[in-house]
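Q: Can we go through this model together? I'll jump between topics.
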Amino acid sequence: MSLFDFFRPSAAPEAQSRPDETCDTPVPAAAAPSAPTIQASTGTLFAGLDDPDLLAFMRTGSETASGAYVNASKALQNMALLRCVTLISESIGMLPLNLVERGDEKRYATEHPLYDILKAKPNNWQTAYEFKALMQLRVMTHGNAYARVIWSRGQVLRLIPMCPKRVKAELDDSWNMVYTYTRKDGRQIPLPAEEVFHLRDLSEDGVTGLSRVRLAHEAIGIAQQAEKAAARLFKNGVMAGGALSAPNALTDKAFGRLQDSITDKTGAENAGKWMILEEGLKAEQWANTAADAQHIENRNHQIEEIARAMGVPRPLLMMDDTSWGSGIEQLAILFIQFSLQHWFTIWEQGIERTLLSKEDGKKLRAKFNERALLRGTLKDQAEFFTKALGSGGHAPWMTQNEVRELQDLARSNDKGADELRAPANQAKTTNDPVKTA
């Protein structure tokens with residue numbers, strides 16, 4: 001069998017109406033645009049003969065020491081990694097991303113064209129949630145996320161996601177950032193930095209981000225192999241609860257009576273009933289072995305390893321049996337501060353770098369509203385807003401209409417709804433001299 005008999009070309013992708021395609025779509029080589037995609041018999045996709053992943057697969061048969069080949073799409077089949085990625089991606093997609101004026105008023109720049117792009121409609125087929133969640137998913141699995149910026153008269157019209165596997169980012173000889181996008185037909189399109197919205201994760205060179213999936217491929221590979229071992233156990237392993245032993249072989253009649261007796265005692269309605277064993281039979285119940293316990297411990301350890309790589313607290317992976325109760329609020333704060341704040345900064349500074357002109361950048365800034373994740377119970381909210389309005393002797397720091405806006409209520413037309421009111425129990429003081437008797 002020759003080398004190429006080991007591979008089979010994948011089916012030609014269907015024509016798509018959207019500007020970009022999924023990241024599993026092969027990237028044609030620049031020298032041979034029509035080169036077929038190569039796919040291993042195990043289902044792993046390679047971009048072509050020049051794909052470095054193909055070279056690693058041909059050398060070792062797998063990329064990890066555990067024997068599992070790990071790429072971005074296969075890694076998401078691990079439930080721990082899927083939970084980490086979806087938790088952060090869905091949180092980023094759900095949170096409001098606003099364009100805010102700099103200064104004391106911090107007013108939303110609703111009249112600016114970029115406000116609607118970020119808030120409602122980045123392009124003509126995605127919602128703001130879908131766009132943000134997709135970009136966040138790609139930057140977490142590939143290390144980079146790219147979107148083509150369509151400009152018109154100095155304003156952003158659309159943001160079109162581009163597959164990270166089809167984009168090459170580099171610095172030219174003039175220290176300017178340039179991007180090269182490879183189309184489906186193999187044609188390469190150079191793009192200047194102002195036409196590419198780029199999110200990058202932790203980077204060694206400051207140009208491209210490092211893929212967390214690739215950095216944690218050994219831990220993910222071990223987790224995949226442990227999951228396969230558990231699946232093989234359920235498929236081929238002996239799942240009996242115990243054994244019946246006899247000093248001598250049973251007659252056909254005794255064996256038939258034993259089978260009938262076992263059948264009559266199965267089911268929840270027969271729980272706790274006793275069996276009568278004949279001809280010296282002895283029952284031996286099988287218990288979990290040390291190997292079984294070690295297998296479970298190993299799987300739990302790999303979940304922790306993946307959680308560390310993705311920066312997600314362990315309780316959010318549904319691992320702890322402890323009931324958090326009132327501590328769930330502190331867990332939410334921990335998640336925002338140490339898991340999401342990193343991504344908030346990447347998004348906000350990336351928007352200000354690429355999507356705002358130099359003049360607009362002096363007046364405007366992008367800001368996530370993380371308060372949407374910190375809304376407690378109605379009782380907690382009522383206590384906070386009561387103090388914010390100046391109850392109990394506290395100095396007020398919010399007006400009625402500001403509170404109503406946070407609760408998605410219509411503005412009030414009351415005379416004092418936009419004024420900070422003095423605490424109700426604060427005595428009114430004047431500078432008049434004290435009257436003598």
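Q: Is Trp175 buried or exposed?
A: Trp175 counts as exposed, at 69% relative accessibility. Exposed means over 50% relative accessible area, buried under 20%, and partly exposed in between (1.4 Å probe, protein chains only).

Q: Before we go on, what kind of model is this?
A: This is a predicted model: local features need pLDDT of at least 70, side-chain atom pairs count only at pLDDT 80 or more, and totals for chains, interfaces and linings use all residues. Residues are numbered from 1 along each chain as its sequence is written, and side-chain values use heavy atoms, with hydrogens and water left out.

Q: Back to Trp175. Where is it found?
A: Trp175 is in the loop between β7 (167-171) and β8 (177-182). Helices (H or I, at least four residues) and strands (E, at least two) are DSSP runs, numbered from the N terminus. Trp175 has a positive phi of about 65 degrees although it is not a glycine.

Q: And what phi does Arg153 have?
A: Arg153 has a positive phi of about 55 degrees, and it is not a glycine. Its place is the loop between β5 (144-152) and β6 (155-162). Arg153 counts as exposed, at 85% relative accessibility.

Q: How confident is the predictor in the chain?
A: The average pLDDT is 76, and 65% of the residues score at least 70. pLDDT is the predictor's confidence in each residue, from 0 to 100.

Q: Where is pLDDT below 50?
A: Over residues 3-18, for one. Beyond near neighbours in sequence, that stretch has 20 contacts in the model. Contact means heavy atoms within 4.5 Å. Residues 30-42 also stay under 50, with 28 contacts beyond four places in sequence.

Q: Let's go to β10. Which residues does Leu199 touch?
A: Leu199 lies in β10 (residues 196-200). Leaving out residues up to four places away in sequence, Leu199 touches Met135, Val139, Gly143, Asn144, Ala145, Ile346 and Trp347. Leu199 is buried, with a relative accessible area of 0%.

Q: How far is its C-alpha from that of Gln349?
A: The C-alpha atoms of Leu199 and Gln349 are separated by 9.5 Å. Along the chain the two are 150 residues apart.

Q: What does the side chain of His198 make a polar contact with?
A: With the side chain of Tyr179, at 3.0 Å. A polar contact is a pair of N or O atoms within 3.5 Å; within protein, one must be able to donate a hydrogen and the other to accept it, and residues adjacent in sequence count only if both atoms are side-chain atoms. His198 is found in β10 and is buried, with a relative accessible area of 2%. Outside four places in sequence, its contacts include Asn144, Met177, Val207 and Arg353.

Q: Met135 and Val139 came up. How many residues of α5 are buried?
A: Eleven of the 15 residues of α5 are buried, so α5 is largely enclosed by the rest of the structure. Among them are Phe131, Met135, Val139 and His142.

Q: What is the reach of α5?
A: Helix α5 (residues 128-142) reaches 21 Å from its first C-alpha to its last, close to the 21 Å expected. The expected span is 1.5 Å times one less than the number of residues. Just after α5, Gly143 takes a positive phi of about 90 degrees.

Q: And which residue caps α3?
A: Asn78 caps the N-terminal end of α3, with a side-chain oxygen 3.1 Å from the backbone nitrogen of Ala80. Buried residues in α3 include Ala80, Cys84, Leu87 and Ile88.

Q: Last one. Where is Met398 found?
A: Met398 is in the loop between α12 (378-388) and α13 (400-406). It is buried, with a relative accessible area of 10%. Beyond four places in sequence, Met398 touches residues including Phe384, Phe385, Val403 and Leu420. The C-alpha atoms of Met398 and Leu420 are separated by 6.5 Å.
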